[in-house]
Amino acid sequence: MIEKKKVFWFILLRLLVVSVFLVTTVYLDVHTYDVSGEVAGKVLVRLLGATYLFSILSLVVLRKASDRTTRTLTHLQIVWDLILVTVLILVSGGVTSHYAFLYFLSIISASVLLARSQAYYTASLCVIFYGAILDFQYYGKLVPLGLSPYPAQQWGAEYLFYLIFLHCASFFLTAFLAGHLAERARVSESALQEKAIDYEELERLNSCIVSTIDSGLLTINVNGRIRVFNRYAELLTGVSQQDAYDRLLTDVLPGCSRFQSTFFEAGQGEFQHKGADGKELLLSYKTVPLLDKTGAPVGAIFDLHDLTELKRMAAELKRADRLAALGELSAKMAHEIRNPLAAISGSVQLVALRPWVDQKDERLFSIILRETDRLDGLLRDFLSYAKPNQPAKVPLNLHRVIADLCALLATDPRMEGVEVDNQLPGELVVQFDKDQCTQVFWNLLVNAAEAIAGDGRIRIDGALVQESGCPCEARVDIRDSGSGMSQDDVKRVFEPFFTTKKGGTGLGLATVYRIVETNGGRMAISSAEGKGTTVTLHLPA
C-alpha cells in the first residue's frame with residue numbers, strides 16, 4: 001500500500017524544484033544557442049505552468065483518494081516527471097543539454113514511492129526517451145522543434161552511441177541501488193512499525209495493570225527518587241503522582257526511612273504512616289531490585305499494602321475469642337456461685353426472724369443480706385454479659401431512640417450540666433433489638449457523662465456507609481468532651497471487671513460490646529488523655 005504522506009511530500013518537493021528552476025532561469029536569463037529563444041521560452045513557460053496545474057490537481061485528488069486511486073496517481077507523477085525532463089532536455093539543446101541528470105531523480109522517486117521493479121521500468125523509459133532524443137537530433141528529425149542536428153553530427157555516431165550506453169548503465173545502476181536501498185528501508189520501516197505497535201500495546205497493558213491493581217506500586221531509581229506511582233499508592237499516601245514524581249521515597253513515606261539501607265535488596269517489612277486524613281495506617285511493603293542488562297541495580301520496585309483494617313479485624317477476632325471463652329467459663333462459675341449465695345441469703349433471713357436475736361446480730365444480718373443482694377446483682381449483670389439474650393431485631397429509627405433516651409435521662413443527676421447534641425439523620429434506620437438498643441446507648445451516654453467533670457457536651461453523629469464487598473451499615477460516633485483515657489486503658493476497656501471509675505463493676509462496656517456483637521455489629525473506641533473519647537458503632541442498616 002502506497003502512503004499518501006510520501007506522495008504528498010513528493011508533489012510539494014516537485015513544486016519547490018520547479019519554482020527554484022523558474023526563478024533561476026528568469027533571473028539569470030539562461031538560454032541555449034541550439035534552440036530559438038522565443039520557442040524555448042514559450043515551451044518552458046507552458047511546461048512549468050502545466051506542471052503547477054498538474055501538481056495542484058494531484059494534491060486535491062490525493063486528499064480523498066482511495067488506495068487504488070492513490071497508486072494510479074503515483075504512477076502519473078512518475079510519468080509526468082519523465083515528460084517534464086524530456087521536454088526540458090529538448091528545449092535546452094538536446095545532446096548539449098545539462099538536464100539529463102534529472103532522469104536520475106525520476107528513477108529514485110519511482111523506487112521510493114513504488115517498488116524496485118517500477119524503478120527498472122522507469123530506468124528503461126529514461127533510456128528510451130534519452131536515446132530517442134539523441135538519435136532523432138542526429139538524423140535531423142527535430143528541426144521542426146528548432147533543434148539543430150549540427151551538434152550531434154559534429155560529435156559523431158560513435159560518441160552518441162557511447163553517450164547512450166553510458167547513460168543506460170547509469171540509469172540501471174541507479175535503479176538497482178535506489179531500489180535495493182528503498183526496499184531495505186521499506187522492510188525496516190515495516191518492522192519498526194510492528195515493533196512500535198507492540199510497544200504501544202505493551203505500554204497500554206502495563207499502564208492499565210499498574211493503575212488498576214489493588215496495591216500500591218511504585219518504583220525508585222538508584223538515587224531513591226520516585227518514578228512510577230500508581231493510583232492505589234496515591235490513595236494510601238494522599239500524594240498525587242505529579243507531586244510524588246522525582247521526590248525522595250523517604251519524603252513521601254517517612255516511616256520507611258529506617259529500611260533505607262535495604263531498598264535495593266529483595267525484602268519485606270512494615271511501617272507506620274499517617275494518611276492524608278490524619279489517620280494512622282500500618283503499611284507492609286515488599287521490594288524487588290530493578291537490574292540492567294549487566295545485572296547492576298538501576299532502581300527498585302515497591303509493593304505496598306494497607307494492613308490497618310486486617311490488623312484491626314485480627315485483634316477484634318482475638319479479643320472476641322478470648323472474651324467468649326472467658327464468658328463461657330464465667331457463666332458456669334456464676335451459676336455455681338448464685339446457688340450457695342441464695343442458700344446463704346435465705347438462711348440468714350430465717351435466722352434473723354428468731355425471737356432471741358439481739359439488735360447487734362440484726363445489724364450484722366442486714367449487712368450480710370445487703371452484700372448478698374449486691375453480689376447477686378453483680379452476678380446477674382455478669383450473666384447478661386456472658387450470655388446476652390437472643391436479640392429480636394426490628395427496624396429502629398436511631399434519631400428517635402436517642403431523643404426518647406435523652407428525655408428519660410434529663411432528670412438523672414449524672415447528666416447535670418451535660419448537653420447531648422443529637423445530630424443523627426432522621427432517616428437513619430438500623431436492625432437491632434429494641435430493648436438492647438436502649439441498653440447500649442443508655443450505658444454509653446451515662447459513661448460519657450460520668451467522664452465529664454462539670455459542664456460538657458456529648459455529640460452523636462451518624463451516617464450510612466458502603467464499603468466494597470460489605471453490606472450497607474450505619475456508623476454512629478458518640479464523642480464526649482471528658483478527660484479521655486490512656487492508650488493502655490483503651491486496649492483493655494472491653495475486658496470484664498476492668499474499670500477506671502470508683503465503685504464501677506467493669507461490666508458496663510463489656511456488656512455493651514457483647515450486645516452489639518450479638519446483633520451483628522462492631523464497636524471501637526478511640527481516646528486520648530485530656531482530649532475526650534469517641535465511641536464508634538457499626539450497626540447493620
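Because the model is predicted, local features are given only at pLDDT of at least 70 and side-chain atom pairs only at pLDDT 80 or more, whereas totals for chains, interfaces and linings use all residues. Residues are numbered from 1 along each chain as its sequence is written, and side-chain values use heavy atoms, with hydrogens and water left out.

The secondary structure of the chain comprises 16 helices and 12 strands, taken as DSSP runs numbered from the N terminus (helices are H or I, at least four residues; strands are E, at least two). Of the 541 residues, 38% are buried, where buried means under 20% relative accessible area, exposed over 50% and partly exposed in between (1.4 Å probe, protein chains only). Among contacts (heavy atoms within 4.5 Å) with a separation of 6 or more, 64% are between residues 24 or more positions apart.

We may turn next to the open space in the model. The largest pocket holds about 1700 Å³. On a 1 Å grid over the protein atoms alone, a pocket is an open set of points with protein on both sides within 12 Å along at least five of seven lines, and a cavity is a set of points where a 1.4 Å probe fits but cannot get out. Grid points are joined across faces, edges and corners, and the volume is the space filled by probe spheres set on the points. The lining of the largest pocket has 38 residues, and Lys279, Glu280, Thr308, Glu309 and Arg312 lie nearest its centre; a lining residue has an atom within 4 Å of a point. Two or more residues each are given to this lining by α8 (231-237), β4 (280-291), α11 (308-352), β10 (473-480), α15 (487-492), β11 (522-527) and β12 (533-540). Helix α11 gives the largest share, eight residues. By type, the lining divides into 14 nonpolar, nine polar and 15 charged residues (nonpolar: Ala, Val, Leu, Ile, Met, Phe, Trp, Tyr, Cys and Pro; charged: Asp, Glu, Lys and Arg; polar: the others, Gly among them).

Strand β10 also holds glutamate 473, which is buried at 15% relative accessible area. Its side chain makes a polar contact of 3.1 Å with that of histidine 538. A polar contact is a pair of N or O atoms within 3.5 Å; within protein, one must be able to donate a hydrogen and the other to accept it, and residues adjacent in sequence count only if both atoms are side-chain atoms. Leaving out residues up to four places away in sequence, glutamate 473 touches Ala463, Leu464, Val465, Arg522, His538, Leu539 and Ala541.

Asparagine 397, in strand β6 (residues 393-397), is likewise buried, with a relative accessible area of 17%. Its side chain reaches the backbone nitrogen of arginine 400 at 3.1 Å, and a polar atom of that side chain lies 2.7 Å from the backbone oxygen of glycine 426. Beyond its neighbours within four places in sequence, asparagine 397 is in contact with Gly426, Leu428 and Val429.

Helix α14 (residues 434-450) has 17 residues and reaches 24 Å from first C-alpha to last, close to the expected 24 Å, the expected span being 1.5 Å times one less than the number of residues. Its N-terminal end is capped by aspartate 433, with a side-chain oxygen 3.1 Å from the backbone nitrogen of aspartate 435. The buried residues of α14 include Phe441, Leu444 and Leu445. Helix α3 (residues 67-91) reaches 36 Å and is followed by glycine 93, whose phi is positive, near 115 degrees. Aspartate 246, a residue other than glycine, has a positive phi near 70 degrees; partly exposed at 35%, aspartate 246 sits in the loop between α9 (241-244) and α10 (249-252).
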